[in-house]
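Reader: I would like to learn how to read a protein structure, one feature at a time. Could you take me through this one slowly?

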Amino acid sequence: MANLLYILTHIAEVIIPMFEWLGPWSYVLLFMIIFMETGLVIFPWLPGESLIFLTASFIAFHPVLKMEIVIPVFFLAAFIGDTVNYFIGCSLSRWQWLAKRVNGPGMVKAHQLLEKHGIKTIAFGRFVPLIRTFVPLIAGTMHFDFRRFMVGNLLGVIVWVLLASVVGYYFGSIPFVKEHFSLIILIFVAAALLVIATLALIRHIRRKILKRNNML
């Protein structure tokens, strides 16, 4: 518990030495995390834009990595990941065990959005956590036109990576942020967890009410 508390309150002091120790392998690690989050549907819980944002913030006040390398790495990881996810979707009918694992509300929502908005869903769906993991998969199961999918994929990934990188870099450049980086990130994480917990509680209460009134 004490070690976890130290890590949460000294994020920069822990992560930056790790990047220094890994050296060029840091880029491989970052690539794999983003690729798995976008390309392998069983890892939607991995960090996406938050990882890009934090990495760019670290670089702003301690250039242990190079932005001119990090940005292409993130772009390729997300672009290739979505493409792989699309082809997984094309073959999903033959992988019943995987179909059962990914079947859920996220997949249903992605299917509805793709049917309604098509290429816009592929481009802008990337900005919705969890949903973005299922959009390429659903596109594959629907045999959505591959060329249109690649256009939406390209546009979405470019904007997603650049936006998170630029915002993260300038955030990390703020003097106050540099001095209190770990505390600010901890506050952000706590706020995000509070929002998630609140939404989960609301969903639970709603289900209880519907069940009590025989509406579920």
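Reader: Which pattern does the protein chain follow when it is read along the sequence?

Author: Read in that direction, the pattern is α-α-α-α-α-α-α-α-α-α-α-α, and the chain has 12 helices and zero strands; helices (H or I, at least four residues) and strands (E, at least two) are DSSP runs, numbered from the N terminus. Please keep in mind that this is a predicted model, in which local features need pLDDT of at least 70 and side-chain atom pairs count only at pLDDT 80 or more, while totals for chains, interfaces and linings use all residues. Residues are numbered from 1 along each chain as its sequence is written, and side-chain values use heavy atoms, with hydrogens and water left out.

Reader: How are two packed helices described?

Author: One gives the angle between their axes and the distance between the axes. Here, helix α3 (residues 25–39) packs with helix α4 (residues 49–61) at about 155°, the axes being 10 Å apart; axes are lines fitted to C-alpha atoms, for helices over the stretch in contact, and angles run from 0 to 180 degrees between N-to-C directions. That angle makes α3 roughly antiparallel to α4 (under 35 degrees counts as roughly parallel, over 145 as roughly antiparallel, 65 to 115 as roughly perpendicular and the rest as oblique).

Reader: Which residues of α3 and α4 make the contact?

Author: From α3 these are L30, I33 and I34, and from α4 they are L51, I52 and T55, where contact means heavy atoms within 4.5 Å.

Reader: And how is a pair of aromatic rings described?

Author: By the distance of the centres and the angle of the planes. The structure holds nine aromatic pairs, and in one of them F87 and F146 are tilted, at 5.4 Å centre to centre with 40° between the planes (rings of Phe, Tyr and Trp, the last by its six-membered ring, pair if their centres lie within 6.5 Å; planes under 30 degrees apart count as stacked, over 60 as edge-to-face and the rest as tilted). Because F87 lies in helix α5 (residues 67–90) and F146 in helix α10 (residues 146–173), the pair ties together parts that are 59 residues apart in sequence.

Reader: Is S26 buried or exposed?

Author: S26, which is found in helix α3, is buried, with a relative accessible area of 0%; buried means under 20%, exposed over 50% and partly exposed in between, with a 1.4 Å probe and protein chains only. By contrast, F87 is partly exposed at 44%.
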